Structure formats: structure tokens, C-alpha cells
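Subject: Structure for your files

Hello,

Here is the structure to look through. My notes on salt bridges, cavities and surface follow below it.

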Amino acid sequence: MLVVLNPQSNAGTALQRWRPVEHALRERDTDLTVEMPGDAAQAAKVVRASFESEAPDVMVAAGGDGMVNLVLNAMMDPETDRPRRAAANTALGAVGLGSSNDFHKPGRTRIADIPVRLGPAELVDVGKATMLLPDGTRAVRYFLLNASMGLVAAGNHSFNHARGLIGWLKSRNVEAAIVATALSNIATHKPLAIQVRGSDWVHTAPITNVGVLKSVHFAGGMYYDTPVTRADGRFDINIWEAAGHARILGLIAGLYRGKFAGSALATCHRDTSVELRPAAPAPLELDGEITIVESARLEVLPQVLKVCAL
């Protein structure tokens, strides 16, 4: 088992939270190796280098959802849309040391009160995003949880770069910091002009947000009531129609109770692919990580990756 640890997760508290987990894991696995890269680029190099020798049975991302996404992208081969050849038998696991830890929800296994996914592996779908960037180049990224454009992406961007009061709050009460970030973004939000195109449908009216899901959980405590699962070969595409601030707040309050599909602001589709074409370059969120794009095509890669189920 190889653990790649981000000590800066959760406002720099990750290393302290990791220590009791490490102690418990070393008692059960004497071959445990822990790497602590200095930055994201070095972390990706560590993951890829591990497959140049004897590949680990389990590659563990220790940190937040962004760390899981980083390890996922280091494991995947854009030439084949499959795990790199040496990683074909490696399962992706995780230790949730981050702010939201949506990858672990609904959480069932914990060590020292930290959510972990280190149990038996199952094959799951991977989302692929082919992005046209503002400079005219194309880039490919993979995701396991969800993608979004609009209010949620803007909120993730603000939360990831929180300063001042929200930065202080983030280090002490993550859920409160998420709510404060959401309120701040709602206050300045304007509907996003975008075309959302599926296999046989198109949505062209301005929207508040569009979520493209492989997991119903997002942004800490919110979750959808639509039917997507990790290995069903489909996305749920959940559109929040454009609305005033009060109605958006009401929709978000419902999402904290897992209520969305019955809202008058909800438009729901299921599809294997979707194209997002905003009228101007906009933030695209993939598992909490932000890229500014001209457009993006998102597609499901069915059951291509082994992931620890528990």
C-alpha cells in the first residue's frame, strides 16, 4: 500500500489528523509506504513513478477530494482512457483529511474518526472532460464525483482561495465556511448564459448552475435526490434554472436535506455525455478543482477503474 499525503489539506491540519490513522494502518500492513510530496506536480510524479517498478495493490490519496482527483489523473492514461498499463490491477483508496471529503460519502468506515476507503475494490465509472481552453489548446482531465459550471463552480473557486474572515472560519468550522462562501457568491451571482447539449436534448436558457454527476454528494453537506450511482454508466445532469436570490437560497436549503428533483427550479436529465458551451470563458469545476474553459465535453467511461468500496 502506497499513501500519497497532502499535509496542507483542511487548512494545514491534515498531518496532525493523519498520525493516528498511520499508526493503525502500520499495525495491519507492515509494507505501508508514505510519501509526502512538496506540491501537486511532485505528487503526480510520485504516483506515476510507483508504476515504473512493482505497482502497489492500493494507491491511497490522503487529503481532500482534490488529492483524490490528482491521484486519479496520475493513474489514468489519456491515450487509452484507462488506467496506465502498470496500474491496471491497482485500486484507488483514500483517507479523508480534507474539508468536504465528498469521495467518502455516504461514509461507513472510519479510523480514529477519519473517513477511509481502504476495503475491497469495485469497478466504477470515471468521468472524462475534454476542455477547450481560452488560449485555443485542449486538455483532458478525469473526475470521479461530479463536474459543475455556474454558482457551485464559483463557490468552489472562492472556497479554495478563501482569505480574511472566510479563510479564518474555514480553519475552524468547514460547514460554516461553506455556507458563508455560498451566501457571498449568491449576493453577486448573475445567471450564466450557456448551451447545455446532451445526446438528444439541448438547454439554451440562462442558468444558475449545472451539475454533471457521478456522485450525488457535493460541497460538503449538500446532496441530490437523483438516481446516479458510481457504476451505472450514466451521468445525472441537474440544471438549476435562473432565479432570484431568495429562490436560490431556498433551493440550496433543500439540497442540505437531499431535496432537488421536485423543485420548480430543477431540470434533470440522464445521459452518457454532455457538452457545456458558455457564452464567455467560465470556471469548470471537476471534483472541486477549477479550470477556466471556453467549452467542455464530458463523457462517462463505464467501469474502468478499481476503487476501494469501503
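**Salt bridges**

Glu-22 pairs with Arg-19 in a salt bridge whose closest N and O atoms are 3.2 Å apart; a salt bridge here is a side-chain nitrogen of Lys or Arg within 4 Å of a carboxyl oxygen of Asp or Glu. This is a predicted model, in which local features need pLDDT of at least 70 and side-chain atom pairs count only at pLDDT 80 or more, while totals for chains, interfaces and linings use all residues. Residues are numbered from 1 along each chain as its sequence is written, and side-chain values use heavy atoms, with hydrogens and water left out.

Both Glu-22 and Arg-19 belong to helix α2 (residues 14–28), where they are three residues apart, about one turn of the helix. Helices (H or I, at least four residues) and strands (E, at least two) are DSSP runs, numbered from the N terminus. Glu-22 counts as buried because its relative accessibility is 13%, whereas Arg-19, at 43%, counts as partly exposed. The cut-offs are under 20% relative accessible area for buried, over 50% for exposed, and in between for partly exposed (1.4 Å probe, protein chains only).

The salt bridge between Lys-128 and Asp-81 has its closest N and O atoms 2.9 Å apart. Lys-128 is in strand β9 (residues 121–132) and Asp-81 in the loop between β4 (76–77) and β5 (82–83), so the pair ties together parts that are 47 residues apart in sequence. Both Lys-128 and Asp-81 are buried.

Arg-277 forms a salt bridge with Glu-275, with 3.1 Å between the closest N and O atoms. Arg-277 counts as partly exposed, at 42% relative accessibility. The search of the whole structure gives 13 salt bridges.

**Cavities**

There are two cavities of 30 Å³ or more. On a 1 Å grid over the protein atoms alone, a cavity is a set of points where a 1.4 Å probe fits but cannot get out, and lining residues have an atom within 4 Å of a point. Grid points are joined across faces, edges and corners, and a volume is the space filled by probe spheres set on the points.

The largest cavity holds about 100 Å³ of space. It is lined by 13 residues, of which His-104, Pro-106, Arg-108, Arg-117 and Ala-309 are the closest to its centre. By class, this lining has six nonpolar, three polar and four charged residues. Ala, Val, Leu, Ile, Met, Phe, Trp, Tyr, Cys and Pro count as nonpolar, Asp, Glu, Lys and Arg as charged, and the others, Gly among them, as polar.

The second largest cavity has a volume of about 40 Å³. Its lining includes Asn-146, Val-152, Asn-209, Phe-218 and Glu-285. Strands β11 (146–150) and β14 (207–213) are the elements that give two or more residues to the lining of this second largest cavity. That lining divides into five nonpolar, four polar and one charged residues.

Val-179, Leu-183 and Leu-249 make up a nonpolar patch on the surface, with about 220 Å² of accessible area together. Patches are made of residues with over 30% relative accessible area and no salt bridge: like charges are joined within 9 Å, nonpolar side chains (Val, Leu, Ile, Met, Phe, Trp, Tyr) within 5 Å. Areas come from the Shrake-Rupley method with a 1.4 Å probe; for residues, only the protein chains shown count as cover. Val-179 sits in helix α7 (residues 174–188) and is partly exposed, at 36%.

Leu-132 and Arg-297 are 165 residues apart in sequence, yet 8.8 Å apart in space, C-alpha to C-alpha.

Regards

Notes. On a 1 Å grid over the protein atoms alone, a cavity is a set of points where a 1.4 Å probe fits but cannot get out, and a pocket is an open set with protein on both sides within 12 Å along at least five of seven lines; lining residues have an atom within 4 Å of a point.
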